[in-house]
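Hi,

Here is the structure I promised to pass on. Have a look at it first, and my notes follow below.

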Amino acid sequence: MNRRKFVNLALGGSAALALTSPYLRAQPTNPNVIFVFMDDLNDWVGCLGHPQAITPNIDAFAASGVNFTNAHANATECIPSRCSLFASRRPSSTGVYSNNPDWPLRMPDAFWMPENFTQNGYLTFRAGKFFHPSYNDIWDDFCPMNPAAKPPNFPISGQPFSTDYYKYFDWAPVDVPDDNMRSGRYANWAIQKLQETHSDPFFLPIGFTSTHDAWHIPRRYFEPFPLESIELPDVPEDEWDDIPEFARNRYLNPVYHQTVVKQQQWRKAVQAYLAAIYYTDTLFGRVMDALEASPYTDETIVIFTSDHGLHLGEKFRWRKFALWQENTHVPLIIRAPGITQPGGVHTHPTELLDIYPTLVDLCGLSPVEDAEGVPLTSRLLDPTIDPGRPALITTDYQCHAVVDERYGYIRYVDGSEELYDHQTDPDEHINLAGDPAYQSIIDELAQWLPEVNVLP
Ligand SMILES: [Ca+2]
Ligand SMILES: [Ca+2]
């Protein structure tokens, strides 16, 4: 399907199907919304097939709604991803490509998701990280983003402090009770909100931060992951040879990996990230138990996702900012009473900027005139529906990835390209972009690149 055909389908498809659905009649008029983010969580969850992750609560939640198994963040860094998600705007349309805090000036007319809920009679309660910075004034109530409980001799991973990399690039078990961690506080605050009686429907985002480094996590969450059991990615020695020079220079900062290997920290970092995910999954489970025990459970939409993925040594690379799968692929699970059925799995490409139009649709919010996403309503009703479009991910100015059912295509600002066949090469080792046999596939995917690219 080409781009024009998709636009026509998208305009008519979702609304028409939603209006004729037998399920919709049972949908609450103004459902509550719990919107859970795990900051910097990649696809290391059981329900996306990760062999080591321990995520029983995320997995159980996925089984109760629709699991979007090919979902991608539209940007691979906190602020650009959140600006995209909460206004349903592409980074290429706003010029918000980096974590520069000037983003409100770049998006002065954005109709932000929490504002829309407020204007439509919802109470808005925020636990933890949502915007960045926080914008506390826009919420009816909030649990502030506490500073992380830093150990006294930070860093404690065993790596020496270095100005060559991010100062929180650190990990280790800590002897701190769950509830004293900042994500533990966010969970408890959200649980308390679910135990209160509210006069109006509520929008409750919970931004867990424990999956964002530094991974200083309560010790017991390390115990199921003994170091000798940790599996590291199998990276070919010549992995970088077929990556364009622009990407090597900009996205493959070798200092991180060289330090991690030299200090024998690779397994420890992976172990700590798995512990962080397990800990945060436990908190998520407590919130879901509180919802179950509350009067709100049958009238509350729950969304679970992340803001972007993360590298832990794949491509001999760490952290975020790039366009490979480790950075773009994220969990997305939605359960909407009266709309979704348990056990739904949607395998087609999906973008996080579709979430806001979906909430507009399901919660009766005001239309968002400049939204670039489309409602997922039809796919929630019938997860087998193929929307016929790929996911578009942006990191820097004119640096984009297009991911369809099978391929991942990357084009950088200088015109250099990568193409990976996820069917035969899911870990993206072999760049096919120079092979003429794949030119027609590149041409097909390239038509989805944005026509407008606002300067940074
Ligand atoms: Ca983030
Ligand atoms: Ca390679």
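**Two helices side by side**

In α7, the residues S183, G184, A187, A190, I191, L194 and Q195 meet T280, L283, R286, V287, A290 and L291 of α10. "Meet" here is a contact, with C-beta atoms, placed from the backbone, within 7 Å. Sorted by class, this contact of α7 with α10 has eight nonpolar, four polar and one charged residues. For the classes, Ala, Val, Leu, Ile, Met, Phe, Trp, Tyr, Cys and Pro are nonpolar, Asp, Glu, Lys and Arg are charged, and the others, Gly among them, are polar. The axis of α7 (residues 182-195) comes within 9 Å of the α10 axis, and they cross at roughly 5°. Axes are lines fitted to C-alpha atoms, for helices over the stretch in contact, with angles from 0 to 180 degrees between N-to-C directions.

**Ground rules**

This is a predicted model, so local features need pLDDT of at least 70 and side-chain atom pairs count only at pLDDT 80 or more, while totals for chains, interfaces and linings use all residues. Residues are numbered from 1 along each chain as its sequence is written, and chains are lettered from A and ligands numbered from 1 in the order in which they are written.

**The whole chain**

The protein chain has 14 helices and 19 strands; these are DSSP runs (helices H or I, at least four residues; strands E, at least two), numbered from the N terminus. Of the 456 residues, 49% are buried, where buried is 20 or more other C-beta atoms within 10 Å of a residue's own, exposed is 12 or fewer, and partly exposed is in between. Among contacts with a separation of 6 or more, 73% come from residues 24 or more positions apart.

**The core**

The largest nonpolar core has 115 residues, and I206, A272, A275, Y356 and L359 touch the most other members. Helix α10 (residues 266-293) gives the most to this core, with 14 residues. A core here is a set of buried Ala, Val, Leu, Ile, Met, Phe, Trp, Tyr and Cys residues joined through C-beta atoms within 7 Å. Leaving aside neighbours within four places in sequence, Y356 is in contact with L85, F86, S88, M113, V368, A371 and G373.

Most residues other than glycine have a negative phi, and most peptide bonds are trans. K315, not a glycine, has a positive phi of about 60°. K315 lies in the loop between β10 (311-312) and β11 (318-319), and counts as buried because 22 other C-beta atoms are within 10 Å. Q398 also has a positive phi, about 55°; Q398 is in the loop between β16 (391-394) and β17 (400-403) and is partly exposed, with 18 C-beta neighbours inside 10 Å. The peptide bond from D213 to A214 is cis, with omega near 10°, and A214 is in the loop between β7 (202-208) and β8 (215-218).

Cheers
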